[in-house]
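Welcome, and please take a moment to look over the model below.

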Amino acid sequence: MSQFIEMFGEANNMCSSVFSDFVTLKAGKSKKVDEIQSEKSAGLYPCFGGNGIRGYVNDYTHDGEYCIIGRQGALCGNVQVVKGKFYATEHAVVVTPKAKLNTIWLFYSLTQMNLNQYARGVAQPGLAVNQLEKLAFCIPQLESQRKFTAIAIQSDKSKFVIQKALVYLNNSQRVELSKIA
């Protein structure tokens, strides 16, 4: 995230354009609870709700690479990148670019916007699509988006390697301590 701020600053807060100039935001479709399987199996597709994956269903609403914004619940405003065929429920907002946008850059941009701050309601917080569409937003050149994405992907790979190393070291220390005891 610090690389994002370094490259793009907080320009999103100073733009005269609004989000709906660049993307279409649309809540997914309702899905009955008994149609959602907890286990993945052949012929089923991931089903996303307001807080991530809910389970698996036998049909899909989207095919491709999209950002999804959680619209309902305590974690509303969370952003995910989803690739492939998936089903989006009414508690998830699918972000479809109107112009050329890099999905990974868009993910970080949406995350940086801290969308949860726009939630309304106490018991069941939620985001209104028409409110999100009015948020100030600007887009850097596609080449800058690609440059940032390359850095973000490399950073994520490095984090993964470090996490694996930490797990290995932690497990090794447990083995050594058990030999002593």
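Which residues does Val-23 touch, not counting residues up to four places away in sequence? They are Val-95, Thr-96, Pro-97, Lys-98 and Leu-101, where contact means heavy atoms within 4.5 Å. Before going further, a word on what you are looking at: this is a predicted model, in which local features need pLDDT of at least 70, side-chain atom pairs count only at pLDDT 80 or more, and totals for chains, interfaces and linings use all residues. Residues are numbered from 1 along each chain as its sequence is written, and side-chain values use heavy atoms, with hydrogens and water left out.

Back to Val-23, which sits in strand S1, residues 23-27. Helices (H or I, at least four residues) and strands (E, at least two) are DSSP runs, numbered from the N terminus. Val-23 counts as buried because its relative accessibility is 2%; buried means under 20% relative accessible area, exposed over 50%, and partly exposed in between, with a 1.4 Å probe and protein chains only. Val-23 also shows how the chain folds back on itself in space: Val-94 is 71 residues away in sequence, yet the two C-alpha atoms are 9.8 Å apart.

Now step back to the whole chain. There are 4 helices and 6 strands, and from the N terminus the elements run α-β-β-β-β-β-β-α-α-α. Of the 181 residues, 36% are buried. Among contacts with a separation of 6 or more, 68% join residues 24 or more positions apart. The accessible surface comes to about 11000 Å², and carbon and sulfur atoms hold 53% of that; such areas come from the Shrake-Rupley method with a 1.4 Å probe, and for residues only the protein chains shown count as cover.

What lies inside? A nonpolar core is a set of buried Ala, Val, Leu, Ile, Met, Phe, Trp, Tyr and Cys residues joined through side-chain atoms within 4.5 Å. The largest one has 27 residues, and those with the most contacts inside it are Phe-19, Leu-25, Ile-69, Val-95, Leu-106, Leu-110 and Leu-115. At least two residues of this core come from each of S1, strand S4 (62-70), strand S6 (92-97), H2, helix H3 (129-132) and H4. The most, 6 residues, come from H2. A second, separate core has 8 residues, including Phe-48, Ile-68, Val-82 and Ala-88.

Helix H2, residues 103-112, deserves a visit of its own. Because 8 of its 10 residues are buried, H2 is largely enclosed by the rest of the structure. One of the buried residues is Leu-110. Leaving aside neighbours within four places in sequence, Leu-110 is in contact with Phe-19, Cys-67, Ile-69, Val-79, Val-95 and Leu-115.

Next, look at the two ends of H2. At the N-terminal end, Asn-102 forms a cap, with a side-chain oxygen 3.0 Å from the backbone nitrogen of Ile-104. The backbone nitrogen of Asn-102 is in turn reached, at 2.8 Å, by the side chain of Gln-145. Gln-145 belongs to helix H4, residues 142-180, and counts as buried because its relative accessibility is 0%. Following H2 comes Asn-114, in the loop between H2 and H3. Asn-114 is not a glycine, although its phi is positive, about 50 degrees. With a relative accessible area of 44%, Asn-114 is partly exposed.

Methods: A polar contact is a pair of N or O atoms within 3.5 Å; within protein, one must be able to donate a hydrogen and the other to accept it, and residues adjacent in sequence count only if both atoms are side-chain atoms.
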